[in-house]
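Here is a briefing on the model shown below. Read it alongside the sequence and coordinates.

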Amino acid sequence: MPGVAVGAGLLFVILPAFGYFPALGGTIVSLQPWRDLLAYPGLAAAARATLVSAFVAMPIALGLAMLALAWIAPAGAAHPGLPRVAAKLLSWLLATPHAAFALGLAFLIAPSGWLVRIAALVLPIETPPDLLVPRDPWGLSLAAGLVLKETPFLFFAGLTALSQLDAARTLGIGASLGYRPGIAWLKLIAPRLYALILLPVYAALAYALSAVDMALVLGPTTPPPLAVLAVDLTHDPDLARRFPAAALALLHLLLTLVALGVWRLLELLIARALRPILADGRRAPAPLWRWSAALGHVLALVAIAPGVLAVLSLPIWSLASTWRFPDAMPACCTLAAWQRALPDLWLPLRDSLTIAAVATAISLAGAIAWLQLERDLGLQLRRNGRALAFLPLVISDVAFLMGVQILLLALGLGGGWLPVTLVHALFVFPYVLLALADPWARLDPRYERAALCLGAAPWRVLVRVRLPLLMPALAFAAALGAAVSLSLYLPTVLAGGGRIATLATEAIALSSGGDRRIVGVYGTTQALIIWAGFVAAYGLARRSARPALA
Amino acid sequence: MLELRDVTIRQGDHRLFAPLTCRIVPGRPVTIMGPSGAGKSSLLAWLTGVLPAGLAGEGEALLDGASVLGLPAYRRRLGILFQDDLLFPHMTVGENLAFGLPPKDNRGPDRAARRDRIAQALARVELDGFADRDPLTLSGGERARVALLRVLLSEPRALLLDEPFSKLDMTLRDRFRSLVFQSATHLPVLLVSHDPQDSVAAGGDVLELRPNHGHRGNR
């Protein structure tokens, strides 16, 4: 199902990209859309902003995530202090939606933003500096946003992978051979860890190249990054613009593939260059290295701090009464912005929650059916099936979603509830499946065998034994699914034909308006709902914690 | 010389075994016997400085008269061999050995010299030409020998053996055992095992790890 949808979506990009789409008046195959596209003056700058932001952000995010892993992971439960707090903070940041993150970061780094205000505490700053941030033409503000968002993602991908590596024992061997923990980590754990998180890294790179919501808030405007440019073209009332838009979407897909290829090549070159170091036998770090451990901890913290500040700035702005420029904190506190926003907030809130609930319910049911059926399949079939389910995450969603939109247009459906919810389900499903798959496989099979031997029919075993035992995992998967749905921007805009407003789309739309208090209200609401979902799931999991997982 | 004085491992208030005292000189390996779960592996983990949280060691451990307990794990230089060879899967056999081999003090390009030393070491244990092999393609006996070489090349001050023979089959076990003891005659060797054959082969003193309260501790 997900594979078919992605395939159909791509097909309906490829056809109009070459001028063929009768429903839009294109009846002959031609290269005209590409000529139109290449004639667009800002294309090169748009591509530059896309590539620069992604290729600046990814190595930094990866490095910070690795540093945080090296610091937090081996300490584990033994060090309940700072590393634990840092891991907690990272998990909150991971759950924060992209849009809220971007809005908070925009507050933070703007010329009149929080960072400058904090600097003004010690420096003589009277007026906001004349800087073009966010939205600098090179896409560096966007890169900063991507770093803050990808670091927690890569960190938790690494934390999951780390459990397969027996890191404690490996580091122990390293120590018995005379290696300091930091060097042992770099030589023994880091290379293997990276090999295990390849797929999340590629997914993060693909996301960085196609992040429309973050780019709308933090990215350059004239021209915007490619993904945003493509979406802009589809908003053009002139339907003929859909042809170059489709060509642009296809170009974006190709660029993503090339970027992934380049990344892979860089991987191989770096691995080759570093390989001799593995075996050079050096244990005592060079003087430079001696400070690296401490520096690493500081860096890991420094990386987390702006994320926390960015997220905190949203509720603070939403409650600020007056907040004149050099003041680091506003005059506290008023609910005026909330009162002003509430009448308009209600509808998108209701719609967001409805779409999230339905999309999550569909995905949960689908994932349960998927996992139940998967048991009868061979391993190879199972792997291929999983790969198909994850396709929407790795493929360029710009191309595929534009195809969906063009298809809807061709069918005379202008977009709306049903397509938005179904497309949301397409993106929610892989996350729900991913969250359920591991607990599903680890459930002690003897419970079900016992129930079967007591004469329960298979569906009864599923409903009365397996699902109740997996309740904590189901609750977490549901919270994750709702969080994904509530964060989705582009699918909502493209499949909704601009007629469905959710918290994510409203917050982004308002961000260009400039009323920071109202934007603060929307961003805060979006983040609070998602966090509430995780807190509820966590509470449920704690209450029903049973020793059923072997 | 490696010396243990009144050593035991505690889990909370519970001592895993009665306090243990012994002296280990080069050429006379000491064997500590005990059933599985008696705390043998924990004892070695404590000596090497990697005892898991929740356990605590008591007593004193001296190497050539100086306590090792104050040193971080990576400066104790106590080589250890486990039941599993634990060769690093992302390195070749040669790289695994090079990882153990300390660099020369002078900073010159000693890569060729290192490669020679590794080739010689491999030849000594009948693994000529194995340097570029992937450890996963080796047999159990071959992997065990590589693990032994890796420890010896790291120039340890004593050798700790955590049942490294128990996973090998009979014939391999005898050969590998004598190889280990022959190549470590210059080192104090402490072996923990539950196989009486091991203590016979070691030829030195044998200590029995007695459970403290007739109870089994965890691991």
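**Hairpin and sheet in chain B**

B:Q11 has B:H14 as its bridge partner in β2(B). This is a predicted model, in which local features need pLDDT of at least 70, side-chain atom pairs count only at pLDDT 80 or more, and totals for chains, interfaces and linings use all residues. Residues are numbered from 1 along each chain as its sequence is written, while chains are lettered from A and ligands numbered from 1 in the order in which they are written.

Strands (E, at least two residues) and helices (H or I, at least four) are DSSP runs, numbered from the N terminus. Two strands pair if DSSP finds at least two bridges between them.

**Partners of β1(B)**

- Strand β1 (residues 2-11) of chain B runs antiparallel to β2 (residues 14-15), with two bridges.
- Two residues lie between the strands of this hairpin, and B:G12 takes a positive phi near 65°.
- β1(B) is also joined to β3 (residues 20-24) of chain B by four bridges, again antiparallel. Here B:L2 stands opposite B:I24.
- Seven bridges link β1(B) to β5 (residues 56-63) of chain B, in the antiparallel sense. B:T8 has B:E58 as its bridge partner in β5(B).

**The covered strand β9(B)**

- Five of the five residues of β9 (residues 189-193) in chain B are buried. Buried means 20 or more other C-beta atoms within 10 Å of the residue's own; exposed means 12 or fewer, and partly exposed lies in between, with C-beta atoms placed from the backbone.
- In a regular strand the side chains alternate between the two faces of the sheet.
- B:V189, B:L191 and B:S193 point one way from β9(B), while B:L190 and B:V192 point the other way.
- β4 (residues 30-33) of chain B runs parallel to β9(B), with four bridges. B:T31 stands opposite B:L191.
- β8 (residues 158-162) of chain B also pairs with β9(B) in the parallel sense, over four bridges. B:L160 stands opposite B:L190.

**Chain B overall**

- Chain B has six helices and 10 strands.
- Its C-alpha trace spans about 55 × 40 × 30 Å along the principal axes.
- Buried residues make up 39% of the 219 in chain B.
- Of the contacts in chain B with a separation of 6 or more, 73% join residues 24 or more positions apart. A contact needs C-beta atoms, placed from the backbone, within 7 Å.

**Where chain A meets chain B**

- 20 residues of chain A are in contact with 23 residues of chain B.
- α8 (167-176) and α9 (181-196) of chain A each supply at least two residues to the chain A side. α8(A) gives the most, with five residues.

- Helix α19 (residues 417-442) of chain A has 26 residues and reaches 37 Å from first C-alpha to last, close to the expected 38 Å. The expected span is 1.5 Å times one less than the number of residues.
- α19(A) has a kink of about 35° at A:V428, shortly before the proline A:P430. The bend is the angle between axes fitted to the seven residues ending at a residue and the seven starting there.
- A:G415 lies in the loop between α18 (397-410) and α19 of chain A.
- A:G415 is buried, with 21 other C-beta atoms within 10 Å.

Technical notes:
Contact = placed C-beta atoms within 7 Å.
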